[in-house]
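Biologist: I would like to learn how to read the features of a model like this one. Please take them one at a time.

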Amino acid sequence: MTIAGVIKAVANGRRLAILDWLKDPRAHFPPQVYGDLVKDGVCGLFIARKLRVGQPTASEHLRILAQAGLIKGKRIKQWTFYKRDEKRIAVVKRAFRDAL
């Protein structure tokens, strides 16, 4: 994804909130039955509830963030769990620093 694509992905307050929450998932989400909040990520249903939107809307936000390479999804049973891609985020931060 290009820098412009990343900018488009984070140009939405809800997507920025998701990235912030995923920085410290234990502070923002309850324990899960399946998957560790830090190791495996946060269930998309929990993210939808916290956003106070339906699952399709949350899925679209998560898809955009994933396409930008800012988060990764992991399937466990029938759910998808999301966490930040810290390596990719570091690359994006360097690219911004170099561009400015």
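This is a predicted model: local features need pLDDT of at least 70, side-chain atom pairs count only at pLDDT 80 or more; totals for chains, interfaces and linings use all residues.

Biologist: How many bridges join strand 1 and strand 3?

Modeller: Strand 1 and strand 3 (residues 79-84) pair over 2 bridges in the antiparallel sense. Phe81 in strand 3 is the bridge partner of Cys43, and Tyr82 in strand 3 stands opposite Val42. Strand 2 and strand 3 pair, again in the antiparallel sense, over 6 bridges. On that side, Ile76 stands opposite Trp79, while Ile71 stands opposite Arg84.

Biologist: What lies between strand 2 and strand 3?

Modeller: These two strands form a hairpin with 2 residues between them. Lys77 is in that loop, and its phi is near 55°, a positive value.

Biologist: Are Lys77 and Arg52 buried or exposed?

Modeller: Buried means under 20% relative accessible area, exposed over 50%, and partly exposed in between (1.4 Å probe, protein chains only). Lys77 has a relative accessible area of 56% and is therefore exposed. Arg52 counts as exposed too, at 77% relative accessibility. For a case in between, take Ala66 in helix 5, which is partly exposed at 33%. The C-alpha atoms of Ala66 and Arg84, 18 residues apart along the chain, are separated by 9.1 Å.

Biologist: At what angle do helix 2 and helix 5 cross?

Modeller: Axes are lines fitted to C-alpha atoms, for helices over the stretch in contact, and angles run from 0 to 180 degrees between N-to-C directions. Angles under 35 degrees count as roughly parallel, over 145 as roughly antiparallel, 65 to 115 as roughly perpendicular and the rest as oblique. The axes of helix 2 (residues 13-23) and helix 5 (residues 55-67) cross at roughly 75° and come within 10 Å. The two helices are therefore roughly perpendicular.

Biologist: Which residues of helix 2 and helix 5 meet?

Modeller: Contact means heavy atoms within 4.5 Å. From helix 2, Arg14, Arg15, Ile18 and Leu19 meet Thr57, His61, Leu62, Ile64 and Leu65 of helix 5. The residues of this contact divide into 5 nonpolar, 2 polar and 2 charged. In that scheme Ala, Val, Leu, Ile, Met, Phe, Trp, Tyr, Cys and Pro count as nonpolar, Asp, Glu, Lys and Arg as charged, and the others, Gly among them, as polar.

Biologist: Which residues of helix 2 are buried?

Modeller: An α-helix has 3.6 residues a turn, so residues three or four places apart point the same way. The buried residues of helix 2 are Arg15, Ala17, Ile18, Leu19, Trp21 and Leu22.

Biologist: Where is Gln32 placed, and what is its side chain close to in terms of polar atoms?

Modeller: A polar contact is a pair of N or O atoms within 3.5 Å; within protein, one must be able to donate a hydrogen and the other to accept it, and residues adjacent in sequence count only if both atoms are side-chain atoms. Gln32 is in the loop between helix 3 (25-28) and strand 1 (42-43). A polar atom of the Gln32 side chain lies 3.0 Å from the backbone oxygen of Gly35, and one lies 3.1 Å from the backbone oxygen of Gly41. Gln32 is buried, at 15% relative accessible area.

Notes. Residues are numbered from 1 along each chain as its sequence is written. Side-chain values use heavy atoms; hydrogens and water are left out. Helices (H or I, at least four residues) and strands (E, at least two) are DSSP runs, numbered from the N terminus. Two strands pair if DSSP finds at least two bridges between them.
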